[in-house]
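Hi,

Here is the structure I promised to pass on. Have a look, and then read my notes below.

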Amino acid sequence: MYYTGIDIGSTASKVVVLNEETMVDHFVLPTGWSSKETATAVAQRLKDAGHPVDGGEMKVVATGYGRISVDYAAKTVTEITCHGRGGYALLGHDCTIIDIGGQDTKVITVEGGTPSSFLMNDKCSAGTGKFLEIMANRLGVDLTELFALAEAGHPLAISAMCTVFAESEVISHIGAGERREDIAAGVVESVVTRVVGLCTRHGLKGEVFLTGGLCDSAYLLGRLSEKLGVPVQSHPMGRYAGALGAALIARGGKKRTI
Amino acid sequence: MAKLPQNFETYNEIRQKGFLRMKELKDQGARVVGIFCTFVPVELIYAAGAIPVGLCGTSEDPIPAAEANLPRNLCPLIKSSYGFALTDTCPYFYFSDLVVGETTCDGKKKMFELLNEIKETYVMQLPHVRTEEAVQFWKGEILRFKEKLEEKFGVTITEDDVRQAVRRKNHERDVMLGYLELGKLNPAPITGYELGTRVDASSFSFDLEERCAQVEKRTQEVRTDWEANYKGKSSDRPRILLTGCPYGGVRDKIVKAVEELGADVVAFDSCSGTREKLEKIDPEAPDIYEALARKYLNINCSVMSPNESRTQYVSDMIDEYQVDGVIEIILQACHTYNVESFSIKRCVTEKGLPYLNIETDYSQSDKGQINTRLAAFLETIEK
């Protein structure tokens, strides 16, 4: 029997396949404009790998912003619970999880292997992956390049809370001939400040763990660690935390790790 | 999950049906007093032979119009109430001979000054403390309100009139409380959506005794149904206590949503919930006006300081209603409830229960995000 977690985020869709003992597959696809089509693409990819979703040998749990589009899922669970469960499985103990998603950012307290409380940013993209994406776009770079630029820069002030206004600020900085490195550093700093604010409001318990698509950035981890005053960890599988959590929920039972 | 009864009517349907009845009553010469808040001692309105009616303020429709005169960053309930009056779209406001406001929060207090330019708005000065001096001051305000009603309607309100009104209103509080306490039954035989809607809309049934009879009938039906079909069974649906700001304007966005996601809202610590209905007034009190003053000052609204009695009440309700989780609703820019939510959260988490705070307004723009938060909150409650 196979247990698959599908995390359809606003930017990327992550998939983890487990059996009773271990992880047998994981992959990521861009979400594109239609989460329905992404769900179909995921099903095709699983079929090609020899794990058809409709063969009776597979249980699917969907999560993420596009979770309702996965019509072959047995169940949908919110990304908050899935990141909590998946993060715990990767780290091996209770912790606080920060997930900077494409649409929203969450701080999740994990106790006893499962989320006990959480805080999510308000209906606004400031402090989310979307904010970084828009600003990177404006600077003509991708996210990896944005972090590389930022590392070589001194942050310029980007004070607006609103993404649209912040973009205007970035445009003003470009117009004033400021260095791209300094603008990029300012952009990252703006997100870090928002995320730290969310963490302060919620409170941090135990080790802090960054999951989601941005967890591979050593620069971001460093900035968060410094501002929070505690080391923020990540894991090579961190971006799959939501999908892994969903797969673990699909598998059920008492086992909280892979 | 408990189902809505076949003849269930939504708040808006009942509100609209009330328009015609109100017009008939007005044509027969009825006196009508429009109110916004549970701090207004409606006993005096009944004693004056008038009908109190709750004015509209739970729809986002008139908010853009209100924002022409009011700041955008203001409580949606205040903007909606004012907007209805400004656009003349609340028939109850139209039919009111007198509108009564009260200085509960700063936003309402200043809004009433503008409302007074549209229709005479009488404002009761509510103290925000429960000292003996405050009781005496509030008693003075109650007497001033009595004189206002006498002058407005050309009547004399006797002490006996007030005592009689106290008896009738006490009875109504008991009936509504008996109904809301159906939420104590486990598993829940009735949706929180129905519980809340019926109580909130009952003010559009203008005959107090008829209103009581209808609610008592439903209470009995639900009790019988519970005995026959629910008693002794178990349910995996989390039992939710709702606390915080008046929630009428977010009834669908929060109460309906959380029940559709698999929980039961069983208890309401809110203006229209049990909060105001627990404490009754002794109709034989030597000084009936002072008795009124004491009762109303004891309402656990966050405008009061200190207001520890609310935290204690929430704690008691958690036990009495066997609550699994608490959701607090904060309407945008409501400072007093927003600040007080710190104490409520602390009380709830110390009892080992999950707590979710949702700050929102009447718009639908955060519906998706709220649904995710509600769903994730319910997922933290494992039953």
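At what angle do helix α9 and helix α11 of chain B pack? About 145 degrees, with their axes 9 Å apart; helices here are DSSP runs of H or I with at least four residues, strands are E runs of at least two, and both are numbered from the N terminus. The axes are lines fitted to C-alpha atoms over the stretch in contact, and angles run from 0 to 180 degrees between N-to-C directions. From α9(B), the contact uses B:Gly192, B:Tyr193 and B:Gly196, and from α11(B) B:Arg251, B:Val255, B:Lys256 and B:Glu259. (Contact means C-beta atoms, placed from the backbone, within 7 Å.)

Before you go further: this is a predicted model, so local features need pLDDT of at least 70 and side-chain atom pairs pLDDT 80 or more, while totals for chains, interfaces and linings use all residues. Residues are numbered from 1 along each chain as written, with chains lettered from A and ligands numbered from 1 in written order.

Chain A has eight helices and ten strands, and its C-alpha trace spans about 60 × 40 × 30 Å along the principal axes. Of its contacts between residues at least 6 apart in sequence, 66% join residues at least 24 apart.

As for A:Ile6, beyond its neighbours within four places in sequence, its contacts include A:Val15, A:Val42, A:Ala62 and A:Ala246.

Where the two chains touch, chain B supplies ten residues and chain A eleven.

Cheers
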